[in-house]
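Here is a short report on one protein model. Keep the sequence and the 3D view open while you read.

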Amino acid sequence: MDVRVTDGIAGLVEPDRVHRSVYADPAIFDLEMERIFGRAWIYVGHESQVPNPGDYHQALIGRQSVFMVRAPEGGVHVLFNRCAHKGAKLVAFPDGNVGKFIRCPFHGWNFKCDGSLHSVPVREGYQGTRFDPGDPEFSVRRVPRQASYRGFVFASLAADGPDLESFLGGIKTSLDNFCDRAPEGEVEVAGGVFRVWQHSNWKIFFENLNDTSHPMVTHESSVNAARARYKAMNGEAKMPFKLLIIEGNGEPYEFWDKLEMVAYDHGHSYMGAIFVPPTDPVSLAHIETLKAAYGEARTQEILNIQRHNSIIYPSCSPHTSFQQLRVIRPIAVDRTMVEIYTFRLKGAPEALFQRAITYANVVNSPSSNVMPDDIEVYARCQQGLETEGGEWVSLHRDAGRDRPIAGGFVANGLSELPMRNQFRAWAQYMAVP
Ligand SMILES: [Fe+2]
C-alpha cells in the first residue's frame with residue numbers, strides 16, 4: 001500500500017469514495033500527524049478544568065504531549081510537556097497541580113506557568129557558559145498558537161493559518177448553544193472522565209458521529225433490550241429516560257432522513273437532535289431557569305437549536321443537549337483514544353447535570369449498553385480494511401445532492417454528506433506538503 005503514498009495522496013480521496021489505505025497505512029497516519037494535526041486547531045481542554053493557580057490538564061496534539069496550566073495571574077497557558085534542561089516530561093498525570101512553579105522531577109529546574117525559566121539549582125555552575133536564562137531555549141516552549149472560545153481551549157502547532165473563530169466557522173453555533181443553555185451563559189466540566197480505547201482508525205469514529213443509517217442495525221440488540229425492559233414494566237405510561245435514550249436508536253429510516261444534516265468547511269458538521277421536544281420535569285425546570293435569566297423570546301431561540309452530535313474536526317464532538325464532549329486522540333493507525341467529559345450548565349437545576357451523567361453512563365461509557373456496539377463494528381471495519389478484500393470505501397449515499405449554503409452544505413438526514421465533507425477537509429490538509 002505504501003506505493004500509493006509515494007504516488008501521492010490525491011488519488012486516495014474521490015468525491016464519493018475513499019481508498020482503504022487512508023485507514024490502514026501507517027505512512028498515511030504519519031502524514032496526518034504532520035499535515036492535519038500539525039496544522040488544525042486542536043481541542044486541549046476546558047478552562048474550568050484548571051480553576052486554581054497551578055492546576056494543569058494534559059492533552060495530546062497529534063503526537064505532541066502538551067499541558068494547559070493556570071497561571072497565578074489568572075491566564076491559561078498551553079505548553080509543550082518537555083523540560084528545557086534534559087527533555088523530561090514535566091507533568092505526568094492527566095490532571096493535577098504543579099504548585100507554585102513547574103518543577104522538573106529530574107534536576108529541579110523551575111519554570112513559571114507561562115513557561116519562562118524561574119530558577120535552576122547551583123546557578124554558579126553556569127557562569128561563563130552559554131547558558132542564558134533569558135534565552136527562550138531555556139524555557140518551556142509554548143505551543144505556536146492558542147485561543148479559547150467560551151472557555152473551550154484550542155491550540156495549533158502551526159504559527160500561521162486561520163484564527164480559531166474562522167476555523168470553527170458555522171460550527172461555532174454548537175459551542176454557543178452549549179453555553180447559552182446555561183442560565184449564566186457558562187459551562188464547567190464536572191464529574192469524572194471516561195476513557196475508551198478503540199482498536200480502529202480515528203476517522204472511523206468521526207464518520208460514525210453523524211452516521212444516521214447505523215443505529216437501527218448496530219444497536220439492534222440494545223434497542224431490543226430496552227423495549228423488552230419497558231414491556232416488562234407493564235403499566236408505566238412513560239418510558240424512563242434511561243430506556244428512552246437507548247430505544248431512540250431504533251427509530252425507522254424515515255425518522256432519520258428528516259433530521260437536519262449540516263456540514264461546514266474544515267470538516268465540521270452537525271445533525272439534528274433525536275430526543276425532542278423536551279417535556280419531562282427535568283427539562284421543564286431547566287426551561288424555567290432559562291426564562292428567568294433570558295426572558296421568553298431568547299429562551300425559545302436557544303431551545304429552537306436542538307442538535308445531536310456536532311463535529312469539530314479533527315479533535316472533538318460536543319453533544320449540546322445532553323452536555324457531553326467527546327475528545328478524539330489518534331494514537332496509531334489502528335488505535336484511538338476517546339475521552340468523554342460531562343459538563344454542568346452554570347445556574348441550571350442540579351437534576352439537569354444528573355441527567356447528563358445518566359446519559360454518559362447509559363450511552364457513552366465503555367461499559368454502557370450502547371457504546372460497545374459501536375466499538376465492536378469500528379474494530380471490524382479496521383480488520384476488514386486491512387485485508388485485500390477490496391480497495392474502496394463507499395460514500396455514495398445521496399452523493400451529488402448536497403445543497404450549498406454559506407460556508408458549507410446541507411442535506412437530508414440519511415445523506416453521507418458528513419463523511420464526504422470530512423474527506424474534503426482531509427484532502428485539503430493532506431495536499432499541502
Ligand atoms: Fe452508534
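**Confidence**

This is a predicted model. The mean pLDDT of the protein is 95. Of its residues, 98% reach 70 or more. Confidence is lowest in helix 1 (residues 2-7), with a mean of 48. It is highest in strand 3 (residues 42-46), at 99. Where pLDDT is low, the predicted coordinates should not be read in detail.

**Helix 6 against helix 15**

Two packed helices are described by the angle between their axes and the distance between the axes. Helix 6 (residues 202-209) packs with helix 15 (residues 417-431) at about 140°. Their axes are 9 Å apart. Helix 6 and helix 15 are therefore oblique to each other. Helix 6 brings Trp202, Lys203, Phe206 and Glu207 to the contact. Helix 15 brings Met419, Gln422, Phe423 and Trp426. By class, this contact of helix 6 with helix 15 has 5 nonpolar, 1 polar and 2 charged residues.

**Ile36**

Ile36 sits in the loop between helix 3 (26-35) and strand 3. Is Ile36 buried or exposed? Ile36 has a relative accessible area of 0%, so it is buried. Setting aside neighbours within four places in sequence, Ile36 is in contact with Leu31, Trp202, Pro314, Trp426, Tyr429 and Met430. Trp202 and Trp426 also take part in the meeting of helix 6 and helix 15. The C-alpha atoms of Ile36 and Arg195 are 23 Å apart, and 159 residues separate the two along the chain.

An open sheet of 4 strands runs in the order 6-5-4-7, with antiparallel pairing. Strand 6 (76-80) and strand 7 (95-97) stand at the edges with a single partner strand each, so one side of each lacks a neighbour in the sheet. Neighbouring strands of this sheet are turned by 30° against each other on average, direction ignored.

Elsewhere, strand 17 and strand 18 form a hairpin with 4 residues between them. Gln323 in the turn has a positive phi of about 55°. In a regular strand the side chains alternate between the two faces of the sheet. Strand 17 has both faces covered: Cys316 and Pro318 are buried on one side, Ser317 and His319 on the other.

Notes: Residues numbered from 1 in each chain as written. Predicted model: local features only at pLDDT ≥ 70, side-chain atom pairs only at ≥ 80, totals over all residues. Heavy atoms only, no water. Axes fitted to C-alpha atoms, helices over the stretch in contact; angles between N-to-C directions. Helix = DSSP H or I, 4+ residues; strand = E, 2+ residues; numbered from the N terminus. Parallel < 35°, antiparallel > 145°, perpendicular 65-115°, else oblique. Contact = heavy atoms within 4.5 Å. Nonpolar A, V, L, I, M, F, W, Y, C, P; charged D, E, K, R; others polar. Pairing = 2+ DSSP bridges. pLDDT = per-residue confidence, 0-100. Buried < 20%, exposed > 50% of the residue type's maximum accessible area, 1.4 Å probe, protein only.
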